Amino acid sequence: MTNSVQQAREALGERLRELRQSAGLSGSELARRAGWHQTRVPKIEYGKTKPSVIDIQVWCRITAAESEIPDLVATLRNIEAAYREWRRSLSGGTKQKQHEILRLMQQSEVIRMYQPSLIPGLLQTAEYASAILRRSIKFHGIPDDLDEGVAKRLERQQVLYKGDRRFHLLMGEQALYNDVGGDSVMRGQLDRLLAAMGLPRVSFAIVPFAAQLPMQLTNFVMFDERRVTVEGITAELTITQPREIRLYHRTFDVLVGQSVTGESARGLIRMALDARSG
């Protein structure tokens with residue numbers, strides 16, 4: 001779990017502890033009145049256990065702080081939004097998620113994206129996107145809206161051509177070789193990368209195999225200075241803590257320093273194309 005999520009839990013727990021102390025109650029007494037095990041109160045107060053909405057309502061009633069319920073529940077829901085399991089995020093199919101990403105991009109001026117093992121969605125061909133989303137639908141067991149999801153992903157790419165926003169797209173050389181859809185799909189995708197390198201307002205770079213990475217990394221997207229999304233196997237993390245966002249900026253800058261652009265990047269793409277043709 002990202003540090004910002006844990007810090008938010010701890011801050012919520014601290015506020016609940018203040019309410020308990022103001023009411024003159026010990027943790028064990030509050031637990032007794034609520035009908036909980038006595039260890040539940042300290043676990044909530046120190047961010048070890050996430051309270052439910054009902055927990056907060058019971059807590060506030062016992063401490064005579066019912067007026068605090070709306071704000072505390074809103075805080076809880078913000079924490080829940082920061083850690084979203086894919087089974088929940090994709091419950092409405094892939095189109096809904098594509099629309100959410102598009103909205104975030106439309107609200108941003110500078111988008112920085114690092115993708116170590118796949119082609120970034122903004123540069124994917126329809127065939128490549130179809131293969132990726134088909135895998136996601138099968139793996140997560142979500143509603144099959146493949147055609148709608150691909151259409152929305154391609155629509156999302158229009159942000160590259162509209163408005164004044166800038167894009168810094170960074171990918172690992174591994175993405176040029178990971179097989180998505182077979183040789184024909186990959187050749188078309190690699191040709192698309194070569195064509196996309198000349199887009200205005202788009203900075204495109206590749207981190208070679210031999211680069212010295214600052215740490216073990218997963219893909220992430222940065223929206224201005226306000227938000228970072230990180231994709232894990234089971235969930236997507238949303239990071240808004242300024243200190244953490246600065247660390248992602250630093251990581252991105254280190255990766256940029258290890259990357260190649262221009263003709264050197266084209267050379268890596270052509271090598272991958274030659275491997276497919278051979």
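Modeller: Helix 8 (126-140) and helix 9 (residues 146-156) cross in a right-handed way, helices being DSSP runs of H or I of at least four residues, numbered from the N terminus. A crossing is right-handed if the near helix is turned clockwise from the far one by less than a right angle, and left-handed if anticlockwise. This is a predicted model, in which local features need pLDDT of at least 70 and side-chain atom pairs count only at pLDDT 80 or more, while totals for chains, interfaces and linings use all residues. Residues are numbered from 1 along each chain as its sequence is written, and side-chain values use heavy atoms, without hydrogens and water.

The two helices pack at about 130 degrees, with axes 9 Å apart; axes are lines fitted to C-alpha atoms over the stretch in contact, and angles run from 0 to 180 degrees between N-to-C directions. Helix 8 is therefore oblique to helix 9, a term for angles that are not under 35 degrees (roughly parallel), over 145 (roughly antiparallel) or 65 to 115 (roughly perpendicular).

In this contact (heavy atoms within 4.5 Å), helix 8 supplies A126, A129, S130, I132, L133, R134 and I137, and helix 9 supplies L146, G149, V150, R153 and L154. Eight of these residues are nonpolar, two polar and two charged. Here Ala, Val, Leu, Ile, Met, Phe, Trp, Tyr, Cys and Pro count as nonpolar, Asp, Glu, Lys and Arg as charged, and the others, Gly among them, as polar.

Helix 9 also meets helix 7, their axes coming within 8 Å and crossing at roughly 10 degrees. That makes helix 7 roughly parallel to helix 9.
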